[in-house]
Amino acid sequence: MLLHRTTRTPGRFCRYTRRHTSALVVAALLGGIGVRARAQAPDPDAAAAAHVLERARKAQRAFEQFRRFHLPVVYGSYPCDVRIGRYCYWDDNHDLPLPPEPPRVARERDRLLATLADAAARAPADDWIAGQYVHYLIEAKRSPDAIAAARACAGTRSWCAALLGLALHEAGDDARANIAFDSAIAAMPESDRCRWTDLSSWLEGDFAKRYKKLGCTAHDSLNARVWWLAQPLAMRAGRDVRAEFLSRQTLIHILEHATLADGSAWQNDIPMLLLRYDYPTSWAKEDDGTLRIADPSSNPVVGHEPTPSFDVMPSPRALDDPTAAHDDDWSLTARQAITRYAPSYADTLTPLAHQLARFRRGDSMLVVAAYDVGSDTVWTHHALQAGLVLASSPTDADIARDTIDVDTTETLTALVPDRAALMSLEVFAPEARRAARARYGLASLTDSTILSDILLLAPHAPMQSSLDDVLPAALGSATAAAGDTLGIYWECYARATPTNPLTVRLRVVPAKRGWLHGVAHTMHLASTATPIALEWTDVGTPDGAPGRAIRLGLRDLPPGRYTLEISVEGHALPRAATSREITITPRTQQH
């Protein structure tokens with residue numbers, strides 16, 4: 001669960017209210033300092049609009065005061081993961097939900113919405129009224145009405161488009177939300193566009209420093225890279241992370257001149273908190289043992305943002321070079337994340353067990369990905385969507401997709417241009433709101449590449465030289481049980497013949513585990529598995545195919561992590577090698 005609370009002095013509620021000065025008052029002020037101004041008759045339409053606006057402001061202020069007074073109470077105090085100004089923010093996705101909103105607060109919101117609906121009909125060009133109306137319709141979970149209200153907005157063009165983007169995003173229609181936000185940004189003055197698209201609050205490290213030094217125009221390409229890399233599911237259309245960021249910007253402008261739910265005065269910590277962690281969807285008063293009976297609304301307020309949420313931002317290293325990124329460049333569950341996002345379509349986003357291998361195909365690269373989501377009934381009882389996405393830039397992606405009742409273990413292939421790319425292998429169960437993925441960079445295979453990657457196969461796999469023949473037996477992970485037999489497939493692009501044979505060596509050795517394991521081994525505190533070492537002569541296949549396949553017994557290998565390496569060399573061929581890390585599990589453990 002995501003929560004935050006203000007650390008303000010209890011009982012002090014400062015409200016920012018924009019006040020409008022009539023033309024007559026302005027004229028009087030100008031006249032008082034020696035500037036001649038001609039008195040003008042009051043504009044009845046302007047006066048009526050001002051009256052409608054004041055009535056709407058009064059209703060909004062009264063609702064938030066009513067809500068704050070009637071908030072449910074939660075007991076105890078909470079840790080602080082991040083402090084932003086007056087606010088303490090913490091998250092672990094495991095806090096108990098806040099008590100439900102009292103029915104009388106919902107009824108009071110309905111009365112506010114009736115007032116705002118009347119105000120929007122009487123003053124459709126008023127930006128403040130339009131923003132509040134859309135905001136409270138969304139809060140009341142009336143997304144279709146919020147979209148309709150945004151479409152009826154007749155105020156500033158960019159603002160009405162931004163409200164539509166917010167309403168569409170909250171309804172889960174991110175493709176259309178981004179179109180609306182594109183219209184909003186295009187209609188903004190340059191200074192506003194720069195502020196709305198400034199991503200510096202989501203960035204850290206050297207990448208953030210370089211970003212801040214660049215001008216607004218230079219930010220566009222970097223923003224596109226952030227949206228690309230932060231997208232929870234690359235196979236899902238819509239760029240929902242971008243829509244989320246711009247929705248938060250829209251909310252900031254809605255709230256800036258309104259009475260806030262927690263009673264705080266508007267300061268710079270509020271937009272920073274909202275941009276990084278979103279706006280709460282429920283509220284409560286905190287009782288730390290000193291609940292103020294005379295004025296319950298003066299107690300600190302706890303807000304609960306959308307949950308579960310994830311740390312979707314990549315590391316600065318991945319932002320610098322996406323095609324060289326590692327899977328751990330996305331932390332997903334970090335508590336002290338610089339920003340968090342709760343996708344509307346997924347309650348879980350977990351690592352995906354898989355294996356991946358690359359093979360040369362002329363001037364292209366064939367990528368094979370096999371995955372295994374295991375025997376969890378959440379996966380096995382729902383239709384799954386799976387996708388293999390390879391992209392070298394935000395606008396250049398190749399997708400291999402299977403969306404019809406795919407199995408819990410499946411193999412996807414993609415024939416793509418032979419170039420470095422960011423790979424994202426994804427499985428999604430929409431009905432279960434569950435997703436899993438593996439994401440990292442892939443290097444290209446050049447014309448000088450001698451060996452493909454290693455593809456691990458089930459023991460029953462046919463020992464054929466054709467990749468198509470062995471694909472159905474590809475394992476869904478680089479894991480095998482102790483004592484099993486493992487099928488191994490690879491391709492050698494150096495032609496071997498009886499007159500020009502190649503020497504092939506296969507080794508399985510414990511994976512490197514860092515300096516601490518080396519010290520333990522030296523002091524005889526760590527055991528060493530007996531490695532596997534094989535050598536044979538390769539004289540080629542009758543049809544000249546590059547594929548090779550063998551079965552390998554794992555009888556003598558205790559559980560642990562190992563490196564499987566295959567190397568070849570010949571009379572005119574320098575040594576070339578390919579390797580894969582594998583994990584050997586205890587025999588009784590399912591794999």
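1. A residue is called buried here at under 20% relative accessible area, exposed over 50% and partly exposed in between, with a 1.4 Å probe and protein chains only. Helices (H or I, at least four residues) and strands (E, at least two) are DSSP runs, numbered from the N terminus. The buried ones are Asp269, Ile270, Pro271, Leu273, Leu274, Leu275, Arg276 and Tyr277. Asp278 follows H12 and has a positive phi, near 80 degrees.

2. A word on what you are looking at: this is a predicted model, in which local features need pLDDT of at least 70 and side-chain atom pairs count only at pLDDT 80 or more, while totals for chains, interfaces and linings use all residues. Residues are numbered from 1 along each chain as its sequence is written, and side-chain values use heavy atoms, with hydrogens and water left out.

3. Now the overall picture. The chain has 16 helices and 24 strands, and 50% of its 591 residues count as buried. Taking contact to mean heavy atoms within 4.5 Å, residues 24 or more positions apart supply 73% of the chain's contacts with a separation of 6 or more.

4. On to the rings. Those of Phe, Tyr and Trp (its six-membered ring) pair if their centres lie within 6.5 Å; planes under 30 degrees apart count as stacked, over 60 as edge-to-face and the rest as tilted. Searching the whole structure gives nine aromatic pairs. One of them is the stacked pair Tyr89 and Tyr277, at 3.8 Å centre to centre with 10 degrees between the planes. Tyr89 belongs to strand E4 (residues 87–91) and Tyr277 to helix H12 (residues 269–277), so this pair ties together parts that are 188 residues apart in sequence. Both Tyr89 and Tyr277 are buried.

5. Phe359 and Tyr489 make a tilted pair, 6.0 Å centre to centre and with 55 degrees between the planes. This pair links distant parts of the chain, 130 residues apart: Phe359 is in strand E10 (residues 353–361) and Tyr489 in strand E19 (residues 485–491). Phe359 counts as buried because its relative accessibility is 0%, and Tyr489 is buried at 0% as well. Elsewhere, Trp202, Trp227 and Phe245 form one aromatic cluster.

6. Arg439 lies over the face of Trp330, 5.8 Å from the ring centre, and Arg360 over the face of Tyr493, at 4.8 Å. Trp330 sits in strand E8 (residues 330–332) and is buried, with a relative accessible area of 5%. Leaving out residues up to four places away in sequence, Trp330 touches several residues, including Leu229, Met313, Leu422 and Arg437.

7. Finally, how do H6 and H7 pack? Helix H6 (residues 157–170) and helix H7 (residues 174–186) meet at an angle of about 165 degrees, with their axes 8 Å apart. Axes are lines fitted to C-alpha atoms, for helices over the stretch in contact, and angles run from 0 to 180 degrees between N-to-C directions. H6 and H7 are therefore roughly antiparallel to each other (over 145 degrees; under 35 is roughly parallel, 65 to 115 roughly perpendicular and the rest oblique).

Methods:
Lys NZ or Arg CZ within 6 Å of the ring centre and 35° of its normal.
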